[in-house]
Amino acid sequence: MFLSGVVFLNTVALPAVASAAEPIAAAWRVSETGTQASLRGISAVDDEIVWVSGSEATVLRTLDGGETWESCGPEGYGELEFRCVHAMSSDVACIASAGTPAVLLRTEDGGATWEETYRAESEAAFFDAMRFWDASRGIAMSDPVDGRLLIVETQDGGKTWEPVSAKLPLARAGEAAFAASNTLMLLGDQGQVWLGTGGAESDFSRMYTRAGWNDAWIPVAVPMPSSQAAGIFSICQLNPTGDSDSPHALVCVGGDYRITETSKVTACISLDNGTTWQTVADQPVAFRSAVLPIPTECSLPARLIAVGPTGTDVSNNGTHWHSISDVGFHSLSAGQTHIFACGSEGRFARLE
């Protein structure tokens, strides 16, 4: 589903976040990417290699953590938006388009050349997310085609894709997903999938869940209002702590992306592997398009971070969120120790 870009501010220092240890100050360090494109796809291979993608067939690559950038987008695709990118290395990456034609492409030479590996036949197709379990297995999903979400999977690193949509339940009237950050889909080690939608006019959104590689897809209600501009935009799993009794909670964020609207619900949490969901006590202050578990090696004293066009929030448990910045971004990715973000007007930043 299409989303309009939102332009926001520049770099800012983040206040310290309270924790049991000494507070640690952090800051978004913005670096020039050489483009004004709206960036919504981001994939960090490590702390140095990061790929981003977005409007006007833009794909960029950095090999030094964002200090310098190389433009490496595919030729011949006009102003198509590539809002999804997944990088396996400095040379190998896959991208997916949000728009018509709905295509998947792959490069093995750092973006010097691209091969189109899948093209949806229907003009209704619109890729919203693409994720990989490993270097071989991956999945991409699109808005509904012929009444069901279009989902394709690969077992050879994106070289070929096979549709699996026939296994999905029928979509609700108006139901669709949001190509906002390429994080509306979460994968589990044993083939599990959780993917969130909106679009339908309803008091609740839906989370499609799959318990294993060959298991049935089951839609679950999530108490986040759904409309043409509202629903679930991102989902992640909270990293476990040293306490073995700490639940591996699932957290989703979203709301209404229109800057003129107030989002009643911006975050929900599940403590039973996505079977049931509830709203959280202290929500992010506004619509958020991406949520990410903070790497354990990162020194930021929090376990989750969420961003949207109006700011950044952090949380230790997924139920209590604290605003730490009014700098806006669309999407997040993490290396070993660094968190990266991208947004409108070619904005890229590293949290330090």
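Tryptophan 133 has a relative accessibility of 18% in this predicted model, and because residues under 20% are classed as buried, tryptophan 133 counts as buried. Its ring is paired with that of tryptophan 213, the two centres being 4.7 Å apart and the planes meeting at 55 degrees, so that the pair is described as tilted. Tryptophan 133 belongs to the loop between S11 and strand S12 (138-145), whereas tryptophan 213 belongs to the loop between strand S17 (205-210) and strand S18 (217-222); the pair therefore ties together parts that are 80 residues apart in sequence. Tryptophan 213, for its part, is partly exposed, with a relative accessible area of 28%. The ring of tryptophan 213 also has a charged group over it, since the charged end of arginine 137 sits there at 4.0 Å from the ring centre. A further arrangement of this kind involves arginine 347, whose charged end sits over the ring of phenylalanine 329, 5.5 Å from its centre.

Aromatic pairs number 12 in the structure. One of them joins phenylalanine 132 to tryptophan 161 in an edge-to-face arrangement, with 6.0 Å from centre to centre and 75 degrees between the planes. As phenylalanine 132 lies in strand S11 (residues 127-132) and tryptophan 161 in the loop between strand S13 (148-154) and strand S14 (162-163), parts that are 29 residues apart in sequence are tied together by this pair. Both partners are buried: phenylalanine 132 has a relative accessible area of 10%, and tryptophan 161 has a relative accessibility of 5%. Elsewhere, ring pairs link Phe178, Phe233, Tyr257 and Phe287 into a cluster.

Threonine 197, which is found in the loop between strand S16 (193-196) and S17, counts as buried at 0% relative accessibility. When its neighbours within four places in sequence are left aside, threonine 197 is in contact with Leu149, Glu175, Ala176, Ser205, Arg206, Tyr208, Gly231 and Ile232.

With regard to secondary structure, the protein contains 0 helices and 29 strands. Four of these strands form an open sheet in the order S3-S4-S5-S6, and their pairing is antiparallel. Strand S3 (39-44) and strand S6 (70-71) stand at the edges of this sheet, and because each has a single partner strand, one side of each is left without a neighbour in the sheet. The pairing of S3 with strand S4 (residues 50-54) is antiparallel and extends over 5 bridges; leucine 39, for example, has glycine 54 in S4 as its bridge partner.

The overall dimensions complete this description. The C-alpha trace spans about 55 × 45 × 40 Å along its principal axes. Of the 352 residues, 61% are buried, while the accessible surface of the protein amounts to about 13,900 Å², 48% of which belongs to carbon and sulfur atoms. Finally, when contacts between residues at least 6 apart in sequence are considered, 52% of them join residues at least 24 apart.

Key:
Residues are numbered from 1 along each chain as its sequence is written. This is a predicted model: local features need pLDDT of at least 70, side-chain atom pairs count only at pLDDT 80 or more; totals for chains, interfaces and linings use all residues. Side-chain values use heavy atoms; hydrogens and water are left out. Rings of Phe, Tyr and Trp (its six-membered ring) pair if their centres lie within 6.5 Å; planes under 30 degrees apart count as stacked, over 60 as edge-to-face and the rest as tilted. Helices (H or I, at least four residues) and strands (E, at least two) are DSSP runs, numbered from the N terminus. Buried means under 20% relative accessible area, exposed over 50%, partly exposed in between (1.4 Å probe, protein chains only). A charge sits over a ring if NZ of Lys or CZ of Arg is within 6 Å of the ring centre and within 35 degrees of the ring normal. Contact means heavy atoms within 4.5 Å. Accessible areas come from the Shrake-Rupley method with a 1.4 Å probe; for residues, only the protein chains shown count as cover. Two strands pair if DSSP finds at least two bridges between them.
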